[in-house]
Amino acid sequence: MKRILLILIVLPIVQFVYSQASCYSSLKNDTLTIGNNQIERKFIWNIGNLITYSLTDKINKQQWQNQSRTPDFSISKDAKVTAESTCQSEWVKESEIHPRYLQTTVAFSLGTLQVKRVYRIYENSPAIACDTYLKGSLDNLLSGKEANQADMKNIEFAEDMKSKQMSAVLDQIHLKGQHWSLKAVEFFDVTDWNNNLVSERKILSYRKSSYRGNLLFASNGENDNGFFILKEAPCSGVQMAYQGSDFSAEFGKITVNGLGIAGGDIKPDTWVKTYGCVIGVYGKSELNGLVALRSYQKNIRKLTSDRDEMIMMNTWGDRSQDSKVNEKFCLQELECAARLGMTHFQIDDGWQTGKSPNSALARGTFTGIWSNKDYWKPDTLKYPRGLAPVVEKGRKLGIEICLWFNPSVQNDFADWEKDAQALIGLYKTYGIRIFKIDGLTIPSKQAEINLRNLFDKVLAETNNKVSFNLDATASRRGGYHMLNEYGNVFLENRYTDWQNYYPYWTLRNLWQLSKYVPAEKLQIEFLNKWRNAKKYGDDRFAPARYSFEYLFATAMTGQPLAWFEGSNLPEEAFKVQKLISDYKKVQHDFHTGVILPVGEEPSGRSWTGFQSIKDNKGYLLFFRENTPEDKAQVATWLPRGATVKCTPVLGNGKPVTATVGERGEIRVSIPAANDFVMYRYEVK
C-alpha cells in the first residue's frame with residue numbers, strides 16, 4: 001500500500017499532449033517527450049527534475065539510451081525536489097525576430113531554490129534548446145569542487161576512477177560506448193587584443209577530463225553518428241562565475257558545466273536566467289553536424305533583407321575620431337557613400353552633445369552620463385538643425401542613417417531605462433533603426449540582466465524595428481553565442497595607421513568563425529588601402545598590393561563594413577561601385593544558405609573561400625591569394641563524384657562544369673594572384 005501511494009505522489013497529476021505541425025510535447029505518466037520530425041528527447045519525469053531517458057536522431061534512425069539516472073540539471077547531488085512540480089507547453093508566435101517555436105516549461109523546487117527549465121524546439125531543426133531560470137535562495141546548495149586531474153590516483157584505485165559529481169551542471173547525458181571522439185571548440189573575442197578567434201581541440205574521450213569552449217561535437221566511432229552541444233554563453237575566457245571549463249567528458253558521459261551565476265546573483269522574487277544549452281543530433285559526416293548546428297542558429301534571429309542585410313560605411317575607421325563629424329561632413333560623406341553603392345551610413349562617436357573618453361575635442365567620460373540630460377541629443381554646434389537634414393539626404397540617396405551609442409555602464413547599467421528612452425526617442429524622432437552598441441562591460445549577472453532589459457525595452461517600444469551592431473572588440477561582452485537575437489556582431493577594429501590591417505588576417509578570422517558562427521551575422525571591415533601605404537614599406541601583404549574590389553570581396557561573406565571616410569578616397573576607388581551593385585543582387589540569396597569555409601586557411605598564399613549551401617545548389621566564393629599557381633584543386637563540401645555546374649556571378653572566372661573529387665575538391669582557375677571569383681553552382 002505504501003509503495004502504491006508513493007507512486008501516486010511521484011507521478012505528475014496532470015497529463016497533456018501538445019502537438020502541432022512537426023513539433024510536439026507530451027507528458028504521459030512518468031515520461032516527458034519533446035521532439036519534431038528530426039529529433040526527439042525523452043525524459044523521466046522525476047517529480048520535475050528531469051532525467052534524460054533517450055535521445056533520438058529520426059533522420060538517421062539512431063536512438064541512444066541514457067545510462068545514468070542522475071538529473072540533467074544539478075546544483076548539488078544531495079538536493080531533492082521539495083514542492084509540487086508543473087509542466088506546460090505552448091506555441092510562441094512568430095515575430096519579426098524569430099520564427100514560431102514550441103516551448104515547454106518545467107518548474108520544480110530544490111529546497112528553497114525554485115528552478116524553471118524552458119525547452120525550445122523549432123520546426124525542421126534537429127536541436128532542442130534549454131533555458132534555465134532560478135529564483136529563491138541556494139541555502140548552501142552550491143558546494144564542492146571538481147578534483148584536479150593531477151591529484152587523482154592511478155587506474156589501480158578503482159574507487160578513485162569513479163566520476164565525482166560536478167557542482168552546477170547545466171545539462172548532461174550519459175551514452176553507452178567506449179569509442180567517442182570529441183571536438184571542443186573555444187572562441188575568443190576582445191578582438192582589439194586577439195587575432196586568433198577559434199581554437200579546435202580533438203579528443204578521444206577517456207577518463208574524466210574537462211574542456212573549454214562553447215561547442216562540443218561528439219561522434220560515436222562504432223557508427224559515426226553523433227550529437228553536438230552548444231553552450232549559449234560568452235566566450236570561455238570572459239564568462240561569469242567560471243568554473244574553469246565548459247564541458248566534462250568520460251567516455252560517453254558528457255556534462256555541461258557553469259551556470260554563469262554566483263550564489264549572490266539569485267533573487268528571492270525574480271527569475272534569473274543562467275547560460276543556455278542546446279543539444280542537436282546529426283549523421284555520419286562533419287558536414288551534417290555543421291548543418292544541424294546552423295539550422296538552429298538561423299532560428300535565433302531571422303535574416304530579413306530589408307533589416308539585416310547591409311553594406312555600411314562608418315565614420316571612425318580613418319582615425320579622425322569625432323573631430324570632423326558634423327552636418328556638412330555627413331552630407332558630404334553621404335554623397336561618397338552613394339557613389340560607392342553603400343546601403344547604410346553610420347555616424348560613430350561624436351554626433352552627440354556629450355563627449356566620450358575617445359573624443360579628440362575634449363576630455364570626455366562615460367561615467368555619470370545622465371548628469372547631462374542632453375548627452376544623447378545631437379550636438380547643436382555640429383548639427384544646428386538636428387539630424388533631420390542628414391536623415392533626409394540619406395533617404396533621397398537610398399541610404400539608411402545609423403548611429404553609435406554607448407550605454408551607461410556604471411553601476412551595472414543601472415540607468416538602462418534612461419538609455420532605452422534615448423534610443424527610442426532617436427527612433428521616433430529620426431527613424432534611426434540601427435545602433436552600434438559600444439563600450440560594453442558586463443562584470444556581473446545584474447549587468448547582463450539590465451543590458452537585456454535595455455535591448456528588450458527598445459524592441460518592445462519600436463515594434464522590433466530597431467537592431468544593434470554589438471561590438472566585440474574589448475572587455476566582457478556577449479561573444480558569438482549570446483545576445484544573438486538583438487542584431488549582428490561588429491567584429492574588429494583594424495587600422496592602417498598602426499599596420500594592424502592585413503586583408504588576409506580579416507579573411508582568416510571570418511573563415512575560421514564561419515564554420516561555427518553564421519557569417520552573415522558578422523560585420524566585416526574593409527579599409528582605405530591608399531591611407532598610410534608608405535608605413536607598410538615593401539610588405540608583400542600590405543593592403544595597397546590588393547585591388548579595392550578584392551578588399552570588398554573579403555567582406556562579402558559577412559555584412560561588409562566600409563571602415564573609412566569616403567571623402568578620403570581617391571577617384572579610382574569609386575570603380576568598386578560596379579562590384580557592389582552586382583553583389584547586392586545576390587547578397588541575400590548568398591546569405592540565406594549555410595555558409596561554410598572551403599579550401600585552405602587564409603595565409604596570404606592560399607587557395608581559400610566559402611560555400612553557401614542550399615540543398616543541391618548554392619554559391620562558391622574562391623580567393624586565389626598571392627600564390628604563383630593559376631589553378632588549384634580546392635576542397636569543398638560538394639558531394640564526391642557529383643557533376644557540378646558553376647556559373648560566374650562576381651569577380652574573374654569562366655563557367656565551369658566539373659566532377660567532384662573524393663575529398664569534395666573541384667578544379668578552380670583564377671588568372672591573377674590576389675583575385676577572386678564567385679560562382680552560382682548547381683549539382684546535376
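Trainee: In which sense do strand β21 and β22 pair?
Mentor: Parallel, over three bridges, with β21 covering residues 312–314. Keep in mind that this is a predicted model.

Trainee: Okay. Which residue is the bridge partner of asparagine 314 in β22?
Mentor: That's glutamine 346.

Trainee: And what do the strands from β21 to β28 make up?
Mentor: A closed barrel of eight strands, running β21-β22-β23-β24-β25-β26-β27-β28 with parallel pairing. On average, neighbouring strands of this sheet are turned by 30 degrees against each other, ignoring direction.

Trainee: Which strands does α7 touch?
Mentor: α7 packs on the sheet and touches β23, β24 and β25. Its direction makes about 165 degrees with that of β23.

Trainee: Let's look at α5. Which of its residues are buried?
Mentor: Pro389, Val390, Val391 and Gly394, in a helix that spans residues 388–397.

Trainee: What lines the largest cavity?
Mentor: There are 24 lining residues, and Gly479, Tyr480, Met482, Asn484 and Val489 lie nearest its centre. β26 gives the largest share, three residues. By class, the lining divides into 12 nonpolar, seven polar and five charged.

Trainee: And how much space lies in the largest pocket?
Mentor: About 850 Å³. The largest pocket has 36 lining residues, with Tyr133, Lys273, Arg452, Glu485 and Tyr486 nearest its centre.

Trainee: Which element supplies the largest share of that pocket's lining?
Mentor: α8, with eight residues. The lining of the largest pocket has 17 nonpolar, 10 polar and nine charged residues.

Trainee: What about the second largest pocket, how much space lies there?
Mentor: About 610 Å³. Of its 32 lining residues, Leu287, Asn288, Val291, Ala292 and Asp615 are the closest to its centre.

Trainee: Which element gives the most to that lining?
Mentor: α3, with seven residues. You'll meet α3 again elsewhere: it supplies at least two residues to the lining of the largest cavity, and at least two to that of the largest pocket.

Key
Residues numbered from 1 in each chain as written. Predicted model: local features only at pLDDT ≥ 70, side-chain atom pairs only at ≥ 80, totals over all residues. Heavy atoms only, no water. Buried < 20%, exposed > 50% of the residue type's maximum accessible area, 1.4 Å probe, protein only. Helix = DSSP H or I, 4+ residues; strand = E, 2+ residues; numbered from the N terminus. Pairing = 2+ DSSP bridges. Axes fitted to C-alpha atoms, helices over the stretch in contact; angles between N-to-C directions. Contact = heavy atoms within 4.5 Å. 1 Å grid on protein atoms, 1.4 Å probe; cavity = no way out; pocket = protein on both sides within 12 Å on 5 of 7 lines; lining within 4 Å. Nonpolar A, V, L, I, M, F, W, Y, C, P; charged D, E, K, R; others polar. Points joined across faces, edges and corners; volume = space filled by probe spheres on them.
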